[in-house]
Amino acid sequence: MPKLNMVQAINLALKEEMQRDSSVVILGEDVGKDGGVFRVTEGLWEEFGSERVIDTPLAESGIIGAAIGMAVYGLKPIAEIQFMGFIYPAIDQIFSHASRVRNRSRGRFTCPLVIRTPYGVGIKAPDLHSESTEALFCQMPGVKVVVPSSPYNAKGLLVSAIRDPDPVIFLESTRLYRLIKEDVPKDEYTIPLGEARVIQEGKDITVIAWGSMLHRVLQAVEEFDAEVIDMMTLSPFDEETIFKSVKKTGRAVIVHEAPKTCGFGAELSATIAEDAMLYLKAPIVRVTGYDVVMPLPKLEDYYMPTVERIKQDLEEVMKY
Amino acid sequence: MPERIIESFNVRYLSVLDEKGDADESLMPSLSDEDIKRIYELLILSRTFDHHALSLQREGRMGTYASILGQEASQIGSAYALEKSDWIFPSFREMGVYIAMGYPIDMLLQYWSGDERGMKTPDDLNIFSLSVPVGTQIPHAVGAAMAAKYKGDKIAVACYFGDGGTSKGDFHEGFNMAGVVKLPVVFICQNNQWAISVSRDKQTASKTLAQKAFAYGFEGVQVDGNDIFAVYKAAKEAVEKARSGGGPTFIECFTYRMSDHTTADDATRYRTKEDVETWAQKDPILRLRLFMERKGLWTEQYEKEVEENAKAVVDEAVKNEEAIERPDPKDMFRYTYETLMPRQIREMREL
């Protein structure tokens, strides 16, 4: 079984799905000959040609708008937005159209579209290259939001996203792109959307995270008997796995990179409070990015929840 | 090194049928007498629908509605050049296009009465759900055309919008892509001179809207939008060019919005009665009637029959629509995703 990093695993998922289904096409800025700025689409232009791996003009709203038209016509487009901070011009197309196509036409038209975009802190890049605004999309019914945390689940989740009949926002952590290598089967496998996974069992405290934060969580929990949940899909999210764990441990800590206010942790926290309040031994705690504009690289390490910050909060919760 | 002109463009203006009903035979598109009568009947049907829709709204029997009064030739003339297999991406002021393509009229009333089921396009048509946000449907048409080209389907994609839409970023992004990839799209702009209260001269400093197409590498043509023959001719040529791989065309139909922006608007706040009266003289239906009368295709008896038939069709549609039961409240959940989310299932139980 080959050991792949996340870039290679995503590339493999794209390649295999394109080989399997001729209606799968890729479009975006620099995705063709250049193979994408992170090389995620490397080799696909050579294999599938410029009609299926389309270098578009520099126009985010146009890319998503065109992808919607393609999806409605019967293709399965995978649009790449070069960085999550550049998705904002396309939010009109995502919110006003992609999410509403099925509803507006009572199912006559559908929008099986995947929007892949790199997110989060990780590459010491300029303004708007480190955004983590996943919660924006979780508030919009009609789109799904998926955040893989490893090469293995990136491949399985992306295959599911491509085959999903509805629009999916697929967020790829730039920090994770080349951070870890693991076994990724060449054989076909999928990971269902909407299911979280307990990646470490424990008795005392439930720690919930997704994407890049999961790796800091795993370091932070080393001295605790913690149960760690990888959400993988934020919309629709897996309430059952969370309830089951929190009812067992009685404590919940949520860790995310995005600012605290109205971050996805707020939704998880409220959900736990609504349905599992009586099982709690301590308040629910969120360890998050600060409520500031994402700083440039010199201060980004202060912005991100560190292993140390997560540990401190875990200790506080345990002491309560 | 001398300074020199490296690019220049000529913008064509096309007009075939004048206000007196005289047609320039050298420019007449190929249309049989039966075609002309069918077009006339669609014009009357659209105007009758529009009139009824406005009345129903005033009586509180229908919601906010965007009238097409004055723009019937731009809509019917362009739609008549399309086949049912072609794809259409409409704005919200396109009821004439829907009617010309054979969309069930009771469903149009149902939609404007606030029932999504009216937008469930019948399977034999490819009219995408109308776009309320202005101009955002332009990239959709471009994407559909890319898909059609990739699949090798010999179809055309028609995209409708107004003068206001040409100011949007999606106009630029969509037109640009259509030009680069040489797509089978026909962009049809009804320049009705008003984007709610903002007049055409405040929308852009361009002399015409048509000329904008040249910057994207394809032709733009301005036509008399109240001249059914000019609109049909330009659309037919553009559709054939699209189907045969010749790339996109931009048609600016120069017309006028005779009614308010929608039933929620009062146009007397921002435009003069004189302006509206001048345009009333250019009425698209009146001039076709004069033409047909001269050709022996129109009589008072024929007019009576066409009007009565249109009224009967719309009355029947109103009756059918008003007999439709309200949608099941649970319906609001059913089309968010293909399958319901666990949380939606619990929420549905509250209804």
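Reply: A nonpolar core is a set of buried Ala, Val, Leu, Ile, Met, Phe, Trp, Tyr and Cys residues joined through C-beta atoms within 7 Å. Buried means that 20 or more other C-beta atoms lie within 10 Å of a residue's own; 12 or fewer makes it exposed, anything in between partly exposed, with C-beta atoms placed from the backbone. This is a predicted model, where local features need pLDDT of at least 70, side-chain atom pairs count only at pLDDT 80 or more, and totals for chains, interfaces and linings use all residues. Residues are numbered from 1 along each chain as its sequence is written, while chains are lettered from A and ligands numbered from 1 in the order in which they are written.

Me: Which residues have the most contacts inside the largest nonpolar core?

Reply: B:V157, B:C159, B:V185, B:V186 and B:I251, in a core of 200 residues. Helix α8 (228–243) of chain B supplies its largest share, 10 residues. Helices (H or I, at least four residues) and strands (E, at least two) are DSSP runs, numbered from the N terminus. Domain 1 (3–183) and domain 2 (197–319) of chain A each contribute at least three residues to this core; those bounds come from an automatic or database domain assignment.

Me: What is B:V157 in contact with, beyond its neighbours within four places in sequence?

Reply: Contact means C-beta atoms, placed from the backbone, within 7 Å. By that test B:V157 touches B:D86, B:W87, B:F89, B:A141, B:A144, B:A145, B:A148, B:P184 and B:V185.

Me: What makes up the side of domain 1 of chain A that touches domain 2 of chain A?

Reply: The contact takes 25 residues from domain 1 of chain A and 22 from domain 2 of chain A, and the two centres, taken over C-alpha atoms, are 26 Å apart. On the domain 1 side, α6 (134–138), β6 (144–146), α7 (151–163) and β7 (168–173) of chain A each supply at least two residues. α6(A) has the largest share, with four. That side divides into 11 nonpolar, eight polar and six charged residues. Ala, Val, Leu, Ile, Met, Phe, Trp, Tyr, Cys and Pro count as nonpolar, Asp, Glu, Lys and Arg as charged, and the others, Gly among them, as polar.

Me: Why are β3 and β12 of chain A said to stand at the edges?

Reply: Two strands pair if DSSP finds at least two bridges between them. The open sheet has seven strands in the order β3-β2-β4-β5-β7-β6-β12 (chain A), with mixed pairing. β3 (53–55) and β12 (233–235) of chain A each have a single partner strand, so one side of each lacks a neighbour in the sheet. The twist averages 20 degrees from one strand to the next.

Me: How do you know that β6(A) and β12(A) count as a pair?

Reply: Two bridges join β6(A) to β12(A), antiparallel, and the rule asks for at least two. A:V145 stands opposite A:S235 in β12(A).

Me: What does α3(A) touch on the sheet?

Reply: α3(A) touches β2 (24–28), β4 (76–80) and β5 (114–119) of chain A, making about 170 degrees with β4(A) in direction. Axes are lines fitted to C-alpha atoms, for helices over the stretch in contact, and angles run from 0 to 180 degrees between N-to-C directions.

Me: What makes strand β14 of chain A mostly covered?

Reply: Four of the five residues in β14(A) (285–289) are buried.

Note on methods
Two residues are in contact if their C-beta atoms, placed from the backbone, lie within 7 Å.
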